[in-house]
Amino acid sequence: MAGRQRTTAVIGAGPAGLLFCVVGRLLHARAGRDPSTWALRLYDKRDTYVRTHRLRVAREPYEALARDLADPRFAALMRFLAGEDFRPDVNRLEAELGALARALGVEKERLEIGAHEGPGDGSFTLAGLRVRLAGEGLLGEETRFTIVGADSVHSAVRELVRGDATPTGRVHQRVARLRVVGPGLPPTLGAVTQVRLSKVIGSIVDYRLNQNGFAEVDLFLEAGDHAPLEELGASPKEPRPLEARTLSGLRAPLFRRVVAELQRGFGAGPCEVLLASSFVLEHRVMPEVVFERPELPATVFLVGDAAMSLPYFRGMAA
């Protein structure tokens, strides 16, 4: 088939954007189509992300994808997911998907989408992106232009195209993620520790021994205990040590008691406890995920968290 017929710009190089590129390229090849007929560009506003959390990937849709694709490269990805019990570390997952995308000819480029052009800082409007692609010879008169918004739950693409379409959502739980550093960290919490902590607080979402030598504990909290933690401004890149002075000023009595239990350690000595982040688990669903924008002209699709985000399944749900 002669001539380029479609150009697609994928905005967001997280798991959803990478997965779109991988599956799209594999399906295009399986259909026997000439790669030159579809220009696929992948953009992200950052070069790298430093994250340690895990995604919980629903097994069944990916097993169905693997059967439909019947491709050894996707089968290798499935072996990776199975080895991680379908709960992969997000950075490792992105590394696997990124390597596969590059092998299929898709390289990530740095570019940020916003409401205004920003000369010199890599910021483009959607119209500016079209001009850029046309300048690269990727958009002719007969080329269909599509944009895939895969740029997270805070999607800039979604906000630029959604018009009156408003996402619906509900908060399910408020979570504090703790980082525990010290001797004798167990691979899992024993029954005695679980019982002791359950007497302090209603439930522990998860305990994980991170490959970097620390443990992560997620706690469900009531709104009153959660709000003061948000004011600390903790992030995975800059966790806040929960020292006695910090704890004494927190209006979160249940949280303080859990931290005190974890600081006692696991039988091999005391531990340091840091607040890595505080966040809410919520679902957010867009009533529409496809938008025609005749002024560009382009068809815009929302995928991943930009379209639908679900607690525990962020990034790979849609």
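Trainee: What should I know before I start?

Mentor: Numbering runs from 1 along each chain as its sequence is written, and side-chain values use heavy atoms, with hydrogens and water left out. As the model is predicted, local features need pLDDT of at least 70 and side-chain atom pairs count only at pLDDT 80 or more, while totals for chains, interfaces and linings use all residues.

Trainee: How many helices and strands does the protein chain have?

Mentor: Both are DSSP runs numbered from the N terminus: helices are H or I with at least four residues, strands E with at least two. Here you get ten helices and 14 strands.

Trainee: What is the strand order in the open sheet?

Mentor: Strands pair if DSSP finds at least two bridges between them. The six-strand sheet reads β3-β2-β1-β6-β13-β12, with mixed pairing. Its edges are β3 (108-110) and β12 (290-293), each pairing on one side only.

Trainee: Which way do β1 and β2 run?

Mentor: Parallel: six bridges join β1 (residues 6-11) to β2 (residues 38-44). Look for I11 opposite Y43 in β2.

Trainee: Where does helix α1 lie?

Mentor: For angles, axes are lines fitted to C-alpha atoms, for helices over the stretch in contact (heavy atoms within 4.5 Å); angles run from 0 to 180 degrees between N-to-C directions. Helix α1 (residues 15-30) lies across β1, β2 and β6 (144-149), at about 170 degrees to β2.
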